[in-house]
Amino acid sequence: LGIFRNVKSKIRDSSKNDQKKIVDITVEEAPTGEVFAGAGTGTSGATISAGLKENNYLGKGIKLSTNFTISEDQLTGRFSIVNPNFRNSDRSLSTVLESSNSDFLSTGGFKTSRTGFSVGTGFEQYSDLFVNFDLSAYYEKLETTSTASEHKKKQEGDYLENLFKYNIVLNKLDQNFQPTEGYKFGFSQELPIYSDDFSISNTLNYGRYYSLSDNLILSGKFFIKAVHSIDDNVRVSKRIYIPSSRLRGFETGKIGPKDGDEYVGGNYASAINLNTTLPNIFQGNENIDLSLFFDAATLREVDYDSSLESSAIRSATGVAVNWFTVIGPLSFSYSIPLSSESSDKTESFRFRIGTSF
């Protein structure tokens with residue numbers, strides 16, 4: 001959980017029973033709060049994010065998190081609280097509140113606002129097999145102008161939806177924080193209970209870590225996601241984009257099919273990430289990790305217009321540095337795109353800084 005700086009144990013004999021032992025465990029608490037800020041710079045502007053985390057609220061392991069992100073055309077905010085052991089039931093209880101606004105009036109002739117919340121629970125069903133369930137409710141408003149495509153004009157209006165999501169994870173990692181061995185496999189599905197747009201999404205994640213030595217760790221990750229609508233085309237705000245962590249070297253949401261000047265996402269997304277991590281590579285400073293990476297991804301299919309198809313593979317390579325300083329974690333990456341389309345927006349440098357308390 002990352003809430004202790006050091007954990008030491010000592011086994012000694014029991015003075016009352018020769019068949020029993022006494023285990024003394026001494027822990028030293030670590031700073032569990034974090035204030036962070038991040039930024040990315042690319043060909044069409046900057047993205048700024050900031051937030052606040054507390055991983056041991058009230059000393060009970062409760063996790064609080066709030067963050068926001070501002071870019072040229074989007075503003076998002078999110079607050080979450082997770083109790084990993086609600087009333088000593090070995091089940092987690094989570095609540096998430098979030099709101100987002102996307103303004104593409106100048107490029108796509110539309111804007112959306114989306115606000116809602118979710119409540120969920122999770123537990124370990126079998127050894128290393130975890131199950132999570134979430135119920136959510138969202139309200140969304142989609143507005144268009146005369147410059148919007150006919151497809152978006154047809155989708156203009158107010159949307160109310162209740163969703164059910166489940167997530168199954170098999171976690172065989174040696175540790176969740178900076179793993180060095182093992183694998184993690186996860187599958188999630190989002191289903192509409194009541195919705196003005198019956199879209200179903202499926203997501204699969206897989207990650208594998210292998211330690212060649214104390215100073216060389218190899219890892220590979222695979223991601224695939226698909227979304228379909230039961231009764232019509234997928235709403236513009238529900239379409240898939242490649243997550244920023246899965247494709248460095250490109251601006252988030254600025255690759256793939258375009259309708260005019262607007263990136264419209266796709267129905268299928270996939271990505272692969274290969275990393276070579278060199279922890280403690282700098283002698284005398286064990287708090288700096290260096291990683292060499294290769295990212296590749298593709299975003300395919302536009303259900304309302306097949307002529308917009310763009311299935312080309314985007315890829316990039318580069319170097320990332322994570323530095324755990326006295327004021328908190330500092331990370332940055334430098335990427336070089338290897339394959340791209342002329343319409344893509346590249347992003348060479350990204351950094352993030354935080355402070356712990």
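Phe 123, Phe 133, Phe 164, Tyr 166 and Phe 187 form one aromatic cluster. Rings of Phe, Tyr and Trp (its six-membered ring) are paired here if their centres lie within 6.5 Å, with planes under 30 degrees apart called stacked, over 60 edge-to-face and the rest tilted. The model is predicted, so local features need pLDDT of at least 70 and side-chain atom pairs pLDDT 80 or more, while totals for chains, interfaces and linings use all residues. Numbering starts from 1 along each chain as its sequence is written, and side-chain values use heavy atoms, leaving out hydrogens and water.

- Phe 133 and Phe 164 are stacked, because their ring centres are 6.0 Å apart and their planes are at 20°.
- Phe 133 lies in strand β9 (residues 129-144) and Phe 164 in strand β10 (residues 157-171), so this pair ties together parts that are 31 residues apart in sequence.
- Phe 133 is partly exposed at a relative accessible area of 32%, and Phe 164 is partly exposed at 25% (buried is under 20%, exposed over 50%, partly exposed in between, with a 1.4 Å probe and protein chains only).

**Charges over rings**
- The charged end of Arg 114 sits over the ring of Tyr 138, 4.2 Å from its centre (NZ of Lys or CZ of Arg must be within 6 Å of the ring centre and within 35 degrees of the ring normal).
- Arg 235 has its charged end over the ring of Tyr 159, 4.1 Å from the centre.

**Strand pairing**
- Strand β6 (residues 74-83) runs antiparallel to strand β7 (residues 91-104), joined by ten bridges (pairing takes at least two DSSP bridges; strands are DSSP runs of E, at least two residues, and helices of H or I, at least four, numbered from the N terminus).
- Arg 78 stands opposite Glu 98 in β7.
- β7 also pairs with strand β8 (residues 110-126) in the antiparallel sense, over 14 bridges, and Phe 104 stands opposite Phe 110 in β8.
- Gly 109 takes a positive phi near 75° in the hairpin of β7 and β8, which has five residues between the strands.

**Second largest pocket**
- About 190 Å³ of space lies in this pocket (a pocket is an open set of points on a 1 Å grid over the protein atoms alone, with protein on both sides within 12 Å along at least five of seven lines; lining residues have an atom within 4 Å of a point).
- Tyr 159 and Arg 235 are among the lining residues, as are Asp 196, Asp 197, Asp 231 and Asp 232.
- Helix α1 (residues 150-155) gives the most to the lining, with three residues.

Methods. 1 Å grid on protein atoms, 1.4 Å probe; cavity = no way out; pocket = protein on both sides within 12 Å on 5 of 7 lines; lining within 4 Å. Points joined across faces, edges and corners; volume = space filled by probe spheres on them.
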